[in-house]
Amino acid sequence: MHDLLITQATLVNEGRLQQADVAIKDQRIVKIGSDLTSEPAHKVIDAAGFHLLPGMIDDQVHFREPGLTHKGDIATESAAAVAGGITTYMEMPNVNPLTINAQALEDKYTRATGRSRANFAFYLGASNDNLEEIKNLDPQAACGIKVFMGASTGNMLVDKPEILEAIFASAPILVATHCEDTPMIHANEEAAKDQYGEEVPFTEHPAIRSEAACWKSSSYAVELAKKHDTRLHVLHITTAKELELFEPGDMQGKQITAEACVHHLWFSEEDYPRLGAQIKCNPAVKRKADRDAILEAVKEGRIDIIATDHAPHTWEEKQGTYFKAPAGLPLVQHALPSLIDHYHAGRLSLETVVQKACHNPAERYQVKDRGYIREGYFADLVLVDLKGQSLVDKESLLYKCGWSPFEGHTFKSKIIATLVNGQLAYENGQLNDEVFGQRLTFNR
Ligand code: DOR
């Protein structure tokens, strides 16, 4: 007897679309077939007309716990994630206290257990003085090592060249970097202050967090990775220029990979006059030409993974002037819908969306038994109506911060259901309060 049978869905998986039935038992997909309707199941979902995707695996989120929970917490932000079709997330270390040792990591896993709606893993953060923690890291204890090679929210800049060399030379698992050159940014900030005083317009953000600052830092990261044969993943690429640093083609066999985030694929500098602080983030949203080049790079394979960098701040915090308003925006509830809008606009195929947002993060981080619709794999799935519509209004938002840069937009799809480990975590607009995610394990 199956726990659940999903019938007649169009599966988007492993580079193709295929109509099939999917049977689920004990958290996992047990059978995929063209006609399983005669097999007994406790529950059947008739998915005719809907598309079934592997749940999105978001390799970059900030859920703000511990210490910054007025902005968001593991319970609230993971609820928004499953409502948006994200079934697994990897969470960042710039919280308070910083996640820079094994004990702080374990504290996060304890916090997430029984509260996180989606499956979870956490990064160990690098600092200028935790090299021994990095070297001694249990490869099952973290998804990756996060290195802020440029300063952003939180005091986590790693800027000592000898420390960076040592991290790249000795990291036991993948190194994920935030790349922006901080001295260049400080100089640009001073120049902007000279020109505008405290009232710097938000339109200056891409000039301050400039293309040159991104290039200097990301080219340095790639140079270090080549020198030390590091498994490097460069997060949130924002400029066309940086794309030269990455190889096109399939991700398989690459030692250096790159990520793009949904807001950098959506917004451009033309949106600052309308949205201002709402789209202030690091690295900055840049020109239309950059956005379009990154979209092309997704197709070409220079960008391997699409994620969110979900980084909520309260509305009140965002009302500050340019230097006071913190960088970052909430995204997990609308990431997959935004990618499906790109599909509807003819910019990305569904197969590419699934490869970049589901398969590749699982492969790159060596996640065990997730990221594909495969027999034996966990049933982390999202059922989508591509003909549906979802208006983003205040009432629909699950983020603790209660705002979204997409408010007023109607996405051209509707998430019908999200399954986490075979259980309906979200269905027809309702969260299931009994369903929680699991700690990830890794093939390493
Ligand atoms: O915009 C950002 N916000 N970029 C980061 O790197 C950090 C994040 C945050 O934590 O707020």
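User: Which strand is joined to β14, and by how many bridges?

Analyst: Strand β13 (residues 256-261) is joined to β14 by three bridges, and the two run parallel. This is a predicted model, where local features need pLDDT of at least 70 and side-chain atom pairs count only at pLDDT 80 or more, while totals for chains, interfaces and linings use all residues. Residues are numbered from 1 along each chain as its sequence is written, and side-chain values use heavy atoms, with hydrogens and water left out.

User: How are strands and their pairing defined?

Analyst: Strands (E, at least two residues) and helices (H or I, at least four) are DSSP runs numbered from the N terminus. Two strands pair if DSSP finds at least two bridges between them. Here, A260 stands opposite I306 in β14.

User: In what order do the six strands of the open sheet stand?

Analyst: The order is β9-β10-β11-β12-β13-β14, with parallel pairing. At the edges are β9 (124-125) and β14 (305-307), each with a single partner strand, so one side of each has no neighbour in the sheet.

User: And which strands form the open sheet of three?

Analyst: That sheet runs β6-β7-β8, and its pairing is parallel. Its edges are β6 (56-61) and β8 (119-122); each has a single partner strand, so one side of each is left without a neighbour in the sheet. From one strand to the next, the twist averages 20°. Four bridges join β7 (residues 86-91) to β8, and M90 stands opposite A121 in β8.

User: Which helix packs on this sheet, and at what angle to β6?

Analyst: Axes are lines fitted to C-alpha atoms, for helices over the stretch in contact, and angles run from 0 to 180 degrees between N-to-C directions. Contact means heavy atoms within 4.5 Å. Helix α12 (residues 350-364) packs on the sheet and touches β6 and β7, its direction making about 70° with that of β6.

User: How is a pair of aromatic rings described?

Analyst: By the distance of the centres and the angle of the planes. Rings of Phe, Tyr and Trp (its six-membered ring) pair if their centres lie within 6.5 Å; planes under 30 degrees apart count as stacked, over 60 as edge-to-face and the rest as tilted. By this rule there are 13 aromatic pairs. In one of them, the centres of F63 and Y89 are 4.5 Å apart and the planes are at 50°, so the pair is tilted. F63 is in the loop between β6 and α1 (74-83) and Y89 is in strand β7, so the pair ties together parts 26 residues apart in sequence.

User: Which residues come nearest to the ligand?

Analyst: A residue is near a molecule if one of its heavy atoms lies within 4 Å of it. Of the 14 residues around the ligand, R64, N94, T153, N282 and A327 come nearest.
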